[in-house]
There are 2 protein chains.
Amino acid sequence: MEEEIVLGKEISQAVIRRMPRYYRYLGDLLDEGVERISSNELSEKMKVTASQIRQDLNNFGGFGQQGYGYNVQYLYDEIGRILGLQQQHNIIVIGAGNLGQALANYSKFEKLGFVIIGLFDVNPMLRGHSLRGIPIMMLEELESFAAAHKIDIAALTMPKHSADSVANRLVGLGIRAIWNFAHVDLDLMDKNVVVENVHLSDSLMQLSYNMLRSQEES
Amino acid sequence: MEEEIVLGKEISQAVIRRMPRYYRYLGDLLDEGVERISSNELSEKMKVTASQIRQDLNNFGGFGQQGYGYNVQYLYDEIGRILGLQQQHNIIVIGAGNLGQALANYSKFEKLGFVIIGLFDVNPMLRGHSLRGIPIMMLEELESFAAAHKIDIAALTMPKHSADSVANRLVGLGIRAIWNFAHVDLDLMDKNVVVENVHLSDSLMQLSYNMLRSQEES
């Protein structure tokens, strides 16, 4: 018998940040036909200690039996359930420039249940176009689209100056989650909306810092 | 007299991750013409506690005088120096699809000293094209381009299956930093190369987790 998941406990964001990575590796193992894996083997593959893996998974109740390792399919499914991946998430993308189009072109997201159902832009040249069957609409069509479709997540890829006003408009339409690529921290009127930021310039600056430190050490 | 920076001390990656955000906010303050700011005002703007700000900046020696607040320009310049932004970083982008083109089109990176000097792809349709004056070259031209130009960072935006081989080829050409957008953790032969990952699917999964928890709480 595998153990049951203990929910309701507060789990640190550091642990949560590692969960998608476990999910990714377990998915690769499934693709390779691997049925069971020990925490030592998983540790070697993922370049984290076996003790870290056991600790992380113990937050959710364990999943492994001493000496038998982990059942890959079971662990994959359970982590997917923890991450909320058992349900489909509909996404709209605001901004159909290069980045918005790049997101719409990633078919990989769909395998995880994240389905982009529409792109919106203010550029009239894009009116009537579509990408992989996903329609590009004008921003003024947002309200009528939202009335007709369930939207779980809005990805913002438009310029920073209009990010706050568009984000608050989306929240007003009932959207509870924002995937923010605009180069700004959103100032939302509703503080319960979930925001995940992808700040590319911050990521470049962190790379720069680590380069400098690595040069100093060598 | 402002205090001197204490270098050589090991600073946690959690602190480092917050530095680009300080830099971004201080840049905005400069644009608004603000010369001095107290840690309380900065705290309110950035939605972190004033004590967190003081602690973070104390890692680098402080920068503030009790009762006088921070000199915005000085703090901006010093954080820039800590992040290694006083020098220009030349970037090449491998993969000139939507995401590669989106990166090349962000003029914002240049203001931070990150200059994209070339894009590479395997698609012969892109041969001879350019974006904002940045040439798109074929991947087989990589070696000759690297011989003629200083390259500090390579951004990888191509598919996961070729990421490892291209990354190791770049490292072989002397490139010491990789900004990885491929949906895979790179397996590099040289472990001293600095890698910064932008795993978009991990970010979506974390968003999904936080949505689920937020629904449970409400």
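## Two chains and the surface between them

Chain B and chain A bury about 5800 Å² between them, 59% of it on carbon and sulfur atoms, where buried area is the accessible area (1.4 Å probe) that two parts lose on being put together, summed over both. Of the area that chain B buries against chain A, 12% is supplied by Leu204(B), Met205(B) and Tyr209(B), more than by any other three residues. This is a predicted model, in which local features need pLDDT of at least 70 and side-chain atom pairs count only at pLDDT 80 or more, while totals for chains, interfaces and linings use all residues. Residues are numbered from 1 along each chain as its sequence is written, chains are lettered from A in the order in which they are written, and side-chain values use heavy atoms, with hydrogens and water left out.

The contact (heavy atoms within 4.5 Å) takes 63 residues from chain B and 63 residues from chain A. Because 100% of the interface residues of chain B are also interface residues in chain A, the copies meet through the same surface.

Between chain B and chain A there are 8 salt bridges, a salt bridge being a side-chain nitrogen of Lys or Arg within 4 Å of a carboxyl oxygen of Asp or Glu. Across the same interface, 17 residue pairs are in polar contact, both residues at pLDDT 80 or more; a polar contact is a pair of N or O atoms within 3.5 Å, and within protein one must be able to donate a hydrogen and the other to accept it, while residues adjacent in sequence count only if both atoms are side-chain atoms. Several elements of chain B each supply at least two residues of the side that touches chain A, among them α1 (13-31), α5 (98-105) and α9 (200-217), where helices (H or I, at least four residues) and strands (E, at least two) are DSSP runs numbered from the N terminus. The largest share of this side, 15 residues, comes from α9(B).

Two of the charged pairs can be followed from α1 of chain B. Arg24(B) forms a salt bridge with Asp202(A), the closest N and O atoms being 2.9 Å apart, and Asp28(B) forms one with Lys160(A), at 3.3 Å between the closest N and O atoms. The latter pair crosses between chains, from Asp28(B) in helix α1 of chain B to Lys160(A) in the loop between β7 (153-156) and α8 (163-172) of chain A. Asp28(B) is partly exposed, with a relative accessible area of 23%, and Lys160(A) is also partly exposed, at 34%; here buried means under 20% relative accessible area, exposed over 50%, and partly exposed in between (1.4 Å probe, protein chains only). Elsewhere, Arg21(A), Arg24(A), Asp185(B) and Asp202(B) are linked in a network of salt bridges.

His183(A) sits in the loop between β8 (177-180) and β9 (194-197) of chain A, and is buried, with a relative accessible area of 10%. Leaving aside neighbours within four places in sequence, the contacts of His183(A) include Lys160(A) and His199(A) in chain A, as well as Arg24(B), Tyr106(B) and Phe109(B) in chain B.

Chain A itself has 9 helices and 9 strands, and buried residues make up 55% of its 218 residues. Helix α4 (residues 72-82) of chain A has several buried residues, including Leu75(A), Tyr76(A), Glu78(A) and Ile79(A). The buried residues of α4(A) pack against α1 (13-31), β1 (36-37), α3 (50-58) and β2 (70-71) of chain A together with α9 of chain B.
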